[in-house]
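I opened my notebook to look around this structure piece by piece. Here is what I looked up, in the order I got to it.

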Amino acid sequence: MTTPAHVAIIMDGNGRWAKARGLPRLAGHRAGVEALRQAVRTASDLGIGWLTVYAFSSENWSRPQSEVSDLLGLLKLFIRRDLAELHRAGVRVRVIGQRDDLQADIRMLLEEAETLTIANRALNLVIAFNYGSRDEIVRAVRRIAADVADGRLSASAVTLQTVSAALDTSGIPDPDLVIRTSGEMRLSNFLLWQAAYSELAFLPCYWPDFTPELFKDTLRQFGTRERRFGGLVERDPVSSSA
Ligand code: IPE
Ligand code: IPE
Ligand code: MG
């Protein structure tokens, strides 16, 4: 099986999973955290280099305040409870998304997770939190424009690499595979630049039902796909992702 270097997941369907069981949405989000733990373990076991998970989008603030605070609470709980174990397992945590507007306690937790795990090499876990691709691109354009305005960069010297390096994902390889659960077939503002040539897998199950077996089946299916990147010859997903 060809193992992708970078898998990105849109963890969707927690609310519907709970509704189908007559439970409050919070129960779905809690079950979603358990599915995340399993996905991290599976990715680690399989030797996947990078796992990016969409945990909270820049548009999720528009949900009822009680749900927003549940989601923020679960993130804090996840980092407080799981950070030591992630660190022991050699997982390096990175966070992408807009950080300046977050509450100070969340910002500190995210920084703590990144600092503690900075030297780990087993699996890179990228948490997309308060993340939206369009917002990320706007922030990148501002940074590049400021460099041009200050004379540090000329407009004609802006390349694909300049843009890539100005994004939150600077230094992270593009995802080879983007998985979305819940049956929705859209990207919802996730990695729009980075997923230009990613394979996409839309699974009908809700996120809490995403088992290690399903993860492995999806990777197996990915291994059979022909990736061309606009050319005519198939290119190996692993070597083309750098
Ligand atoms: C995904 O599940 C979790 C987040 C968006 C944070 P949802 O909460 O979107 O669940 P559905 O899509 O309403 O079922
Ligand atoms: C995408 O799911 C965001 C996360 C999984 C964190 P949403 O549930 O917010 O997306 P839409 O609203 O269905 O497009
Ligand atoms: Mg949803």
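Predicted model: local features only at pLDDT ≥ 70, side-chain atom pairs only at ≥ 80, totals over all residues.

**Entry 1: a loop**

I started with Ser 188, which counts as partly exposed at 30% relative accessibility. Ser 188 lies in the loop between β5 and β6. I looked up its phi and got a value near 45°, which is positive even though the residue is not glycine. My course notes say that most residues other than glycine have a negative phi.

Next I checked Asn 189, in the loop between β5 and β6. Its phi is near 70°, again a positive value in a residue other than glycine. Is Asn 189 buried or exposed? I found a relative accessible area of 14%, so Asn 189 is buried.

I also looked at Ala 195, whose place is in the loop between β5 and β6. Ala 195 has a relative accessible area of 12%, and because the cut-off for buried is under 20%, it counts as buried. What does Ala 195 touch, leaving aside its neighbours within four places in sequence? I found Pro 175 and Val 178. For a distance check I picked Ala 119, 76 residues from Ala 195 along the chain, and got 27 Å between the two C-alpha atoms.

**Entry 2: the sheet**

Then I followed the strands. I found an open sheet of six strands, with parallel pairing, in the order β3-β4-β2-β1-β5-β6. Which strands stand at the edges? They are β3 (91-96) and β6 (199-202); each has a single partner strand, so one side of each has no neighbour in the sheet. From one strand to the next, the twist averages 20°.

I zoomed in on the two ends of that order. β3 pairs with β4 (residues 123-131) in the parallel sense, over six bridges. I noted one bridge there: Arg 94 has Val 126 in β4 as its partner.

Two helices that pack on the sheet went into my notes as well. Helix α3 (residues 65-88) touches β2 (50-57), β3 and β4, and its direction makes about 165° with that of β4. α7 touches β1 (6-10), β2, β5 (177-180) and β6, and its direction makes about 140° with that of β5.

At the other end, β5 and β6 pair in the parallel sense over four bridges. Ile 179 stands opposite Ala 201 in β6. Which residues of β6 are on its covered face? I got Glu 199 and Ala 201, while Leu 200 and Phe 202 are on the uncovered face.

On to helix pairs. Two packed helices are described by the angle between their axes and the distance between the axes, and I wrote down both each time.

α3 and helix α4 (residues 104-116) pack at about 20°, and their axes are 10 Å apart. That angle is under 35 degrees, so α3 and α4 count as roughly parallel to each other. α3 passes α4 in a left-handed crossing. The contact includes Leu 72, Leu 75 and Ile 79 of α3, and Ile 106, Leu 109 and Leu 110 of α4. By class, I got nine nonpolar, one polar and four charged residues in the contact of α3 with α4.

**Entry 3: α2 with α3**

α2 and α3 have axes 11 Å apart and pack at an angle of about 30°. α2 and α3 are therefore roughly parallel to each other. Which hand does the crossing of α2 and α3 have? I found it to be right-handed. Among the residues in contact are Arg 30, Val 33 and Arg 37 of α2, and Asp 70, Leu 74 and Phe 78 of α3. The class tally for α2 with α3 is eight nonpolar, one polar and eight charged.

**Entry 4: α2 with α7**

Last, I looked at helix α2 (residues 25-46) against helix α7 (residues 212-223): the axes come within 9 Å and cross at roughly 50°. That makes α2 oblique to α7. The crossing in which α2 passes α7 is right-handed. From α2 I listed Gln 38, Ala 39, Thr 42, Ala 43 and Leu 46, which meet Pro 212, Phe 215, Lys 216 and Leu 219 in α7. By class, the contact of α2 with α7 has six nonpolar, two polar and one charged residues.

Terms used: Residues numbered from 1 in each chain as written. Chains lettered and ligands numbered in written order. Heavy atoms only, no water. Axes fitted to C-alpha atoms, helices over the stretch in contact; angles between N-to-C directions. Parallel < 35°, antiparallel > 145°, perpendicular 65-115°, else oblique. Left-handed = near helix turned anticlockwise from the far one by under 90°. Contact = heavy atoms within 4.5 Å. Nonpolar A, V, L, I, M, F, W, Y, C, P; charged D, E, K, R; others polar. Pairing = 2+ DSSP bridges. Buried < 20%, exposed > 50% of the residue type's maximum accessible area, 1.4 Å probe, protein only.
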